[in-house]
Amino acid sequence: MNSWLFPPRTTEVQFDEKWSFVDRKEKNCAPDEVRRGDCWDHTAIDPETRLIVSLVVGKRTSESVSAVVRDFHQRTGGRVLRLITSDELPAYPEAIRAAYGTTVTPPPTGRPGRPPGPRTVLPPEVTYATVHKVRENGRVVQVDTRVVFGTMLAVALALAVSTVSRVVNTCFVERHNGTDRNRCSRKVRKTYAFSKDWETHRAATMLSHYSYNFCWPVRTLRVRDADGRWQKRTPAMAAGLTDHVWSVSEWMTYPAVQRK
């Protein structure tokens, strides 16, 4: 996707992780079996266009979280977004600070003692909020939100101009999690079709996620044409990256590198 601006109009992002496993579940793996057991899809989605912007497949670690946040930051040109939301995974605040912050070294104070060292400072425009779900007997009974970076006023202003949200949420990335489990049978819960090889699982995940952008019409993205008929749209169409629904064969044979 490096042959054009990708994506051109992202102003919000939702981060989340989706669990699956390879070969056997984590509790049945030896400590040195790093390419077996739990395997997570760390996803960044544009809630307004449903576009999958970034994806990192691997263990649920701070390194994976940092990788998906850093990749998203690069793909959006380093722009500060209107609103960032995620669950309460502790690795996100530090990953966001590292990706969007700048290193500042305070000037010498002239006073005795060790001088202050460099520190990472976030731009005041960064607005990040988390979603906390309270569960009872395995069911969500309450959803709380918390502003981590920015102010309540900044969050309220971001929600006021959002085309899809009126409250802090992660429902769009979670909706895609369900869609991906339906599209990729190796991720269906309680199945015999689970992946047996780590690289095959990663390749199937990449295929499922990024073909979704161009080949999967999303019902809630459809619009009426001049004749009043519904026109199907994919996330890539909603984001302005293409003007039609791609077939899988068109997407698979499109050259990844454009040579002039």
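Here are some notes on the strands, salt bridges and surface charge of this predicted model.

1. Ground rules. This is a predicted model, so local features need pLDDT of at least 70 and side-chain atom pairs count only at pLDDT 80 or more, while totals for chains, interfaces and linings use all residues. Residues are numbered from 1 along each chain as its sequence is written, and side-chain values use heavy atoms, with hydrogens and water left out.

2. The β1–β2 pairing. Helices (H or I, at least four residues) and strands (E, at least two) are DSSP runs numbered from the N terminus, and two strands pair if DSSP finds at least two bridges between them. β1 and β2 run antiparallel and are joined by nine bridges. F15 sits in strand β1, and its bridge partner in β2 is A44. F15 is also buried, at 2% relative accessible area (buried means under 20%, exposed over 50%, partly exposed in between, with a 1.4 Å probe and protein chains only).

3. β2 and its other neighbour. Ten of the ten residues of strand β2 (residues 37–46) are buried, so β2 is largely enclosed by the rest of the structure. β2 also runs antiparallel to β3, with seven bridges between them; D46 has L51 as its bridge partner in β3. The hairpin of β2 and β3 has four residues between the strands, and R50 there takes a positive phi near 65°.

4. The other hairpin. Strand β7 (residues 128–136) pairs with strand β8 (residues 139–149) in the antiparallel sense, over nine bridges. V134 has Q142 as its bridge partner in β8. Two residues lie between β7 and β8 in this hairpin, and N137 in the turn has a positive phi of about 55°.

5. Salt bridges. How many salt bridges are there? The count comes to 18, where a salt bridge is a side-chain nitrogen of Lys or Arg within 4 Å of a carboxyl oxygen of Asp or Glu. One of them links R60 with E17, with the closest N and O atoms 2.7 Å apart. R60 lies in the loop between β3 (51–58) and α1 (62–75) and E17 in strand β1 (residues 12–22), so the pair ties together parts that are 43 residues apart in sequence. R60 is partly exposed at 38% relative accessibility, whereas E17 is buried at 7%.

6. Two more pairs. K187 forms a salt bridge with D180, the closest N and O atoms being 3.0 Å apart. K187 is buried at 2% relative accessibility, and D180 is buried at 0%. Salt bridges with shared partners join K18, D41, D180 and K187 into one network. R24 bridges to D23 with a closest N to O distance of 3.1 Å; R24 is partly exposed at 28%, as is D23 at 24%.

7. Surface charge. Which residues gather in a patch of positive charge on the surface? They are K25, K27, R189 and K190. For patches, residues need over 30% relative accessible area and no salt bridge; like charges are joined within 9 Å, and nonpolar side chains (Val, Leu, Ile, Met, Phe, Trp, Tyr) within 5 Å. R189 lies in the loop between α4 (171–183) and α5 (198–215), and counts as exposed at 53% relative accessibility.

Key:
Areas by Shrake-Rupley, 256 points an atom, 1.4 Å probe, with all protein chains shown as cover. Lys, Arg positive; Asp, Glu negative; His and termini not counted. Charge placed at Lys NZ, Arg CZ, Asp CG, Glu CD.
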